[in-house]
Amino acid sequence: MRPATELENLLGEAESLTIVCHNNPDPDCLASALALGRIAAAVGIDERRILYSGEISHQQNRSFVNLLEMDIQEFDAADVTDRESSELLAFVDHSIPGSNNRVPEDISVDIVIDHHPAEDIAARFIDHRVEIGATATILTEYLRDLDIELDGRLATALLFAIRRETLGFLRGVTPDEYGAAGFLTAAADSDLLRQLSSPSISGATVDAIADAIGNRTVRGSVLISHVGRTPERDALPQAADYLATLEGVDTAIVFGIVEDTIQLSARSTDSRVNIGDVLSESLSDVGSAGGHREMAGGEVPLGIFADYTSDDTVLVDIVEQVISARLFAGLNLSEEN
């Protein structure tokens, strides 16, 4: 039985569906949630909701939600506890309760559709394909297999998500992404796609990227930088994307203090480096991290760092020294490299 048919059968038994996005959802997660909601509607589920936690702060993510008029609600743990058997809970673009989401770890999940590396996934329906470039690709396959009619809004959402997740078909792309894009293109709204691709950038984001450029340290083909303290969490992956394009740089990691955490974003085109593993191993005893060979992120609670000083300038210096040292060690680079 094809996954789409198996999913359709499970949804056919339900009366409601709650779709939980990961923290600070990106277009791949948001588009996948939209598509799963459309499939649920097609099988007769009238009660559907999409939940998220964290922030939708990246300008592209805000534009995505606004231009596509997404009905999305902030996560409340009460929404996923004490469910009836007819009330299904789904994860898209993530897979484990309590990992990159605020769902309690003891909550059972009914549906998991994801392409990120993970272990010990438990659900009634699991479609976990780490070889695929985007979760939106998997949802596009379902729509095609189930012969669900595409409108311009959904087709545009999925096409943009695939393009964004693969950096314009340059990162982690497979033949499935090209096939999905070909299927979606005829129905997509080209004007809406252009608007999503060119959102305005805030001054704070530009400042953070400028700080990352100025604070960079390069050893061999590895660049590590920081933005100090910033309210712009989503400036970190944008800075990492930009710095990874510098001549001679194969791996770029950018970190910064966002509220009470240290956030990290990493990119690598070095075939010898699995940047998801590097971040996980470098931060395993102080925080959490993960991702793919070419793209990863992490988070470290300020915790003991903040106990050293109340002076923000001193705090940034301490964080920069400790995190940079861990990352360079994780990449087996010394000061002489």
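Me: Which residues of α9 are buried?
Reply: In this predicted model, the buried residues of α9 are Ala 235, Leu 236, Pro 237, Gln 238, Ala 239, Ala 240, Asp 241 and Leu 243.

Me: What covers them?
Reply: The cover over the buried residues of α9 includes the helices α3 (59-67), α5 (152-165) and α8 (203-214). It also includes the strands β8 (222-229), β9 (251-258) and β10 (261-268).

Me: Let us turn to salt bridges. How many are there?
Reply: The count comes to 17 salt bridges. One of them joins Asp 145 and Arg 2, with the closest N and O atoms 2.8 Å apart. This pair links distant parts of the chain, since Asp 145 is in helix α4 and Arg 2 is in the segment before α1, 143 residues apart.

Me: Which residues are linked with them in a network?
Reply: Asp 127, Arg 129 and Glu 141 are linked with Arg 2 and Asp 145 in a network of salt bridges.

Me: And what does Asp 110 pair with?
Reply: The side chain of Asp 110 forms a salt bridge with that of Arg 83, at 3.1 Å from N to O. Here too the pair links distant parts of the chain: Asp 110 sits in the loop between β4 (87-92) and β5 (111-114), while Arg 83 sits in the loop between β3 (73-74) and β4, 27 residues apart.

Me: Why is Asp 110 called buried?
Reply: Asp 110 is called buried because its relative accessible area is 7%, and the cut-off for buried is under 20%.

Me: What about Asp 270 and Arg 272?
Reply: The side chains of Asp 270 and Arg 272 meet in a salt bridge of 2.9 Å, N to O. Asp 270 counts as buried at 10% relative accessibility, whereas Arg 272 counts as exposed at 70%.

Me: New topic: which residues gather in the patch of negative charge on the surface?
Reply: The patch brings together Glu 15, Asp 46, Glu 47, Asp 82 and Glu 84. Of these, Asp 46 lies in the loop between α2 (27-42) and β2 (47-52), and Asp 46 counts as exposed because its relative accessibility is 71%.

Me: Where is Thr 135, and what is it in contact with?
Reply: Thr 135 is located in helix α4, which covers residues 135-145. At 0% relative accessibility, Thr 135 counts as buried. Leaving aside neighbours within four places in sequence, Thr 135 is in contact with Asp 28, Ser 32, Asp 93, Ile 113, Asp 114 and His 115.

Me: Last one: where is the place of Glu 8, and what does it touch?
Reply: Glu 8 belongs to helix α1, residues 3-11, and counts as partly exposed at 30% relative accessibility. Not counting residues up to four places away in sequence, Glu 8 touches Val 43 and Leu 146. Glu 8 and Ala 42 are 34 residues apart in sequence, and their C-alpha atoms are 9.2 Å apart in space.

Note on methods
Residues are numbered from 1 along each chain as its sequence is written. This is a predicted model: local features need pLDDT of at least 70, side-chain atom pairs count only at pLDDT 80 or more; totals for chains, interfaces and linings use all residues. Side-chain values use heavy atoms; hydrogens and water are left out. Patches are made of residues with over 30% relative accessible area and no salt bridge: like charges are joined within 9 Å, nonpolar side chains (Val, Leu, Ile, Met, Phe, Trp, Tyr) within 5 Å. Accessible areas come from the Shrake-Rupley method with a 1.4 Å probe; for residues, only the protein chains shown count as cover. A salt bridge is a side-chain nitrogen of Lys or Arg within 4 Å of a carboxyl oxygen of Asp or Glu. Lys and Arg count as positive and Asp and Glu as negative; His and the chain ends are not counted. The place of a charge is taken as NZ of Lys, CZ of Arg, CG of Asp or CD of Glu. Helices (H or I, at least four residues) and strands (E, at least two) are DSSP runs, numbered from the N terminus. Buried means under 20% relative accessible area, exposed over 50%, partly exposed in between (1.4 Å probe, protein chains only). Contact means heavy atoms within 4.5 Å.
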